[in-house]
Amino acid sequence: MNDRVPSVLATGAAEPPDFGMESQAFAGSIPQTHLMISRRFPSSPEQVRLARRFVGATLGDGHPRGDDAVLLTSELAANAVRHGEPLSGFLVSIRLGGGCVVITVRDEGSALIPRTKDADLDAAGGRGLWLVDHIADRWGFSRSAAGTAISFELAAPVPLQSETDTE
C-alpha cells in the first residue's frame, strides 16, 4: 500500500492558519474571509449526512464547487466518526471569501498523521483522503493534544462584475 503524507498548503505566506492548534503539516495561510460558520455534530454515522446537509445548505445550490465540498466534507466527517473520540463529536467549519471556500473538520481523535492510501478496488473504505487529495485545490492538517483538524480549499470562481450586473 502506498501511504503518502498530505499535500502542503502553500501560498507563499510565512504563517500557518490559526486553528487553535499547533500546525504540523499545514503551511501557508487561509485567504481573508468574509464569512465563517461552524457547527458541532455528535460522533455517530448518522451525523455524517447532517454534516453534508449543513455544508450544502450553507453554500447553496448555485455554488460552483458545492458538490465537491459536500463530498469531501462527507469523507472527512466519516473519518472523524471512525477515528475521533466518541463522546466529543466533531466540528465542521466553513470559511467563504477570497474566491474560495475552506472547510475544516476537527475531532479529538487519533494521534496518527493523516495519510492518503491507494485503496484496493474491492475495499469497503480507505479512499477519503485520496479523494480530498485529488479534488481539493489544497489541503492539510494540524494536530495537538486536543485532536486533529483537516482542512481543504476549493477555488470558487468569482463572477466578473459585468456578469452580475442587471440591465
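Here are some questions and answers about the predicted model shown above.

Residues are numbered from 1 along each chain as its sequence is written, and side-chain values use heavy atoms, leaving out hydrogens and water. Because this is a predicted model, local features need pLDDT of at least 70 and side-chain atom pairs count only at pLDDT 80 or more, while totals for chains, interfaces and linings use all residues.

Q: How many helices and strands does the protein have?
A: Let's start with the terms: helices (H or I, at least four residues) and strands (E, at least two) are DSSP runs, numbered from the N terminus. Read along the sequence, they follow the pattern β-α-α-β-β-α-β-β-α. The secondary structure comes to four helices and five strands.

Q: What percentage of the 167 residues count as buried?
A: Buried means under 20% relative accessible area, exposed means over 50%, and partly exposed lies in between (1.4 Å probe, protein chains only). Of the 167 residues of the protein, the buried share is 43%.

Q: Which residues does Val 92 contact, leaving aside neighbours within four places in sequence?
A: Contact means heavy atoms within 4.5 Å. Val 92 is one of the core residues that touch the most other members. With those neighbours left aside, its contacts are Ile 37, Ser 38, Arg 39, Phe 41, Ala 51, Phe 54, Val 55, Thr 73, Ile 103, Thr 104 and Val 105.

Q: Is the crossing of α2 and α3 left-handed or right-handed?
A: The axes of α2 and α3 come within 9 Å and cross at roughly 150°. A crossing is left-handed if the near helix is turned anticlockwise from the far one by less than a right angle, and right-handed if clockwise. The crossing of α1 and α2 is right-handed. For α2 and α3, the crossing is left-handed.

Q: How do the residues of the contact of α2 with α3 divide by class?
A: From α2, Asp 68, Leu 71, Leu 72, Glu 75, Leu 76 and Asn 79 meet Gly 128, Leu 129, Leu 131, Val 132 and Ile 135 of α3. Ala, Val, Leu, Ile, Met, Phe, Trp, Tyr, Cys and Pro count as nonpolar, Asp, Glu, Lys and Arg as charged, and the others, Gly among them, as polar. The division is seven nonpolar, two polar and two charged.

Q: Which elements do the buried residues of α3 pack against?
A: In α3, the buried residues are Gly 128, Leu 129, Leu 131, Val 132 and Asp 133. The elements they pack against are α2, β4 and β5.

Q: What distance separates the C-alpha atoms of Arg 40 and Leu 91?
A: Arg 40 is found in strand β1 and is partly exposed, with a relative accessible area of 47%. Not counting residues up to four places away in sequence, Arg 40 touches Ser 88, Gly 89, Phe 90 and Leu 91. Along the chain, Arg 40 and Leu 91 are 51 residues apart, yet their C-alpha atoms are separated by 4.3 Å.

Q: Is Ser 44 buried or exposed?
A: Ser 44 sits in the loop between β1 (35-41) and α1. Because its relative accessibility is 18%, Ser 44 counts as buried.

Q: Which residues does Glu 85 touch, not counting those up to four places away in sequence?
A: Glu 85 has its place in the loop between α2 (66-83) and β2 (90-97). At 44% relative accessibility, Glu 85 counts as partly exposed. The residues Glu 85 touches are Ser 43, Glu 108 and Gly 109.

Technical notes:
A nonpolar core is a set of buried Ala, Val, Leu, Ile, Met, Phe, Trp, Tyr and Cys residues joined through side-chain atoms within 4.5 Å. Axes are lines fitted to C-alpha atoms, for helices over the stretch in contact, and angles run from 0 to 180 degrees between N-to-C directions.
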